[in-house]
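Open the model in your viewer and keep the sequence panel beside it.

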Amino acid sequence: MTRTLAAAFRVHHDDSKDSDVALQNLKDGNIAMPPAVPAPPYRHAAPSGPWPWMDFEVDSAASTTVVDPSWRGYPQNQFGNWTPDQVGRSKMIEKCSVNKTSTIYWMDVRNNGIFASSNIGGKGNITVVGPEHESEDGFWDILQGERPDDIRVRSIFVDDLTPSVLRMLGTRYNIEPFFFTSSINWIPSRYQEAPIHNKGDHITVTLPFVRTLRKNSQSASTSLSLSQPLHSRNAQINTQAPFPMSDGNMLFIDLLAIHMVRGVKTSTVISYHPESTWCRTSAKRLHSLMQLVGGSVYWQKLFDKSKDPTFLFLAILWYALYAWDESFELLYKHLSELESRVLQTNNLELTRELHILQAHLLQYQSLLHNFEVSVQFIAKTHNPAMDSSNFSPEERKESKKLMETESENLLSEIDRLERRRAMLGNRLKNVMDLAFATVNIDDSRQTRKLTEATVRDSAAMKQISYLTMVFLPASFLASVFGMNVVEFNSGSLQTLGRYVEVTVSLTLFTIYIVVTLQTYSSFHDRNAPFLTRAVWPILTLWKIMHKRRGKTGKDMV
């Protein structure tokens, strides 16, 4: 089945301008550095949390704001616990306010399993809402319009969400605000809401994943500049930031934000793309890929056998798996190059690059785990609409079996990715050990050279000492016979005894001063007070006498 999906999800990298634009997704055609993804506040990820985006340091009070019952009052018109303060803290509306227009791409899956382009209001499958385009009231009428009876799933891919479009989608499909807040704030989440037996439910998955930005002919010079380690500018390793590789390619975190309203006769999938301008997946890109899925014979048969709309959800998740697989292919090449550089040189700067790569691999482990848990969530979350009398027991049984099979296929691929990530981690550890071993070997060589030089210097000093000993007797005799004392010089006023007396006294006084000023000596304890050090001769004599007395007592016993 993986080969079957390849035609739908493979990203072609050639020299054509169209393929570059499709991959980069930049409106002005320029290459831009994707910003670092914010650290997600996981506590605000699901409706089960009773205090969404609340400030515990401030006493919360019931909102006295009058709620507009129309779509303009979202989210309070549907979810009264979301006060304006919480909405403002989540930045749900604030981050959408920068967009002037919103582009919506439509796609339908018909009851016979055929993927078809929607014709919304006779204007095709693309709707632009904003000034000089479709008005807000016109778009609201589109959402309120009746669907044809032969549509099983209607997919809505949204680029550049504006506050008004957000409010209309949230009101029309009764979407929990957590879907928008998790998407905007890059919070991994998965949850089911409003399940009604025989009717349907809502399921949401917000999934960060890793994608590849390849260098191309248009961005050659820029890619070369990006190939330099970003972390060299800052001592902190930010695993949420893009990871540039030596060949000019780059790995960065992308996002899938999907909300599905599952019903008996028709269902709705909403795919929200909060930041499609930074080389990340846009609604246009995912919309075109889903149309290619409709051309797959395998998936056409799958949709023909089962009426469960959840299979479209699984098809979208395959896009993240293809992105992961491609990222690890490039990461393997990057690690191989690092290995060769470690073998050829002992540059300590390579160890920093290895540590940065190791930190990103640990981050990827967490993201892959989120991917696995999301697929398990889809597989285990039963669609209540399938319990309706519209579906026979045989259809339910067949649909359940197919869901288990397809989920297991996707989970096995995720397990393969995790094992490949673990292999890269083990190989990286081996390279790091090799780098440190190489540095230690070089240090040992340097130490050996220093030791050999020290031995040579010691031999030279020994020769000088031997030479000095030859002249020592002569120097001693010259000093003695040159003394100005009566015994050697009859005209002198000093005697040899006077010389010995002064020399011995001055020597003993010098020893006393040196020992007293030392904070550590064998004559007194470490860091002893100055007065204790000043009487060290007395203490030394006392210790000697006490030791002798003790020894004498033992001999007598």
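Begin at the surface. Select L496, Y499, V500, V504, L508 and I511: these residues form a nonpolar surface patch, with about 520 Å² of accessible area together. Keep in mind throughout that this is a predicted model.

Helix α13, residues 496-517, holds V504.

**Inside helix α10**

Next, select residues 310-344, which make up helix α10, and pick out A315 within that helix. A315 has a relative accessibility of 0% and counts as buried. A315 and W299 are separated by 16 residues in sequence, and their C-alpha atoms are 8.6 Å apart in space.

**Strand β1 and D108**

Move to residues 102-110, strand β1, and select D108 there. D108 is buried, at 2% relative accessible area. Show side chains for D108 and S118: a polar contact of 3.0 Å joins them. What else is D108 in contact with, leaving aside its neighbours within four places in sequence? Besides S118, the residues in contact with D108 are I114, F115, A116, I151, V153 and R154.

**Aromatic rings**

Now show the aromatic side chains. The count comes to 15 aromatic pairs. One to select is W106 with F139, a tilted pair with 6.3 Å from centre to centre and 50° between the planes. W106 is in strand β1 and F139 is in helix α4 (residues 136-144), so this pair ties together parts that are 33 residues apart in sequence. Both W106 and F139 are buried.

For another pair, select F209 and Y319. Their ring centres are 5.8 Å apart and their planes meet at 80°, so the pair is edge-to-face. F209 belongs to strand β6 (residues 200-213) and Y319 to helix α10, so the pair ties together parts that are 110 residues apart in sequence. F209 counts as buried at 0% relative accessibility, and Y319 counts as buried at 4%.

Then select Y74, F79, F179, F180 and Y272 together; these residues form one aromatic cluster.

**Backbone details**

The peptide bond from Y74 to P75 is cis, with omega near 10°. P75 sits in the loop between α2 (17-24) and α3 (84-90).

Go on to K91, in the loop between α3 and β1. The phi angle of K91 is near 60°, a positive value in a residue other than glycine. K91 is partly exposed, with 37% relative accessible area.

The last stop is D160. Where is D160 found? Look in the loop between β4 (151-159) and α5 (163-172). D160 also has a positive phi, near 55°, and is a residue other than glycine. Is D160 buried or exposed? Its relative accessibility is 12%, so D160 counts as buried, since the buried class is under 20%.

Technical notes:
Residues numbered from 1 in each chain as written. Predicted model: local features only at pLDDT ≥ 70, side-chain atom pairs only at ≥ 80, totals over all residues. Heavy atoms only, no water. Patch = residues over 30% accessible without salt bridge, like charges linked within 9 Å, V, L, I, M, F, W, Y side chains within 5 Å. Areas by Shrake-Rupley, 256 points an atom, 1.4 Å probe, with all protein chains shown as cover. Salt bridge = Lys/Arg side-chain N within 4 Å of Asp/Glu carboxyl O. Helix = DSSP H or I, 4+ residues; strand = E, 2+ residues; numbered from the N terminus. Buried < 20%, exposed > 50% of the residue type's maximum accessible area, 1.4 Å probe, protein only. Polar contact = N/O pair within 3.5 Å; in protein donor to acceptor, adjacent residues only side chain to side chain. Contact = heavy atoms within 4.5 Å. Phe/Tyr/Trp six-rings, centres within 6.5 Å; stacked < 30°, edge-to-face > 60°.
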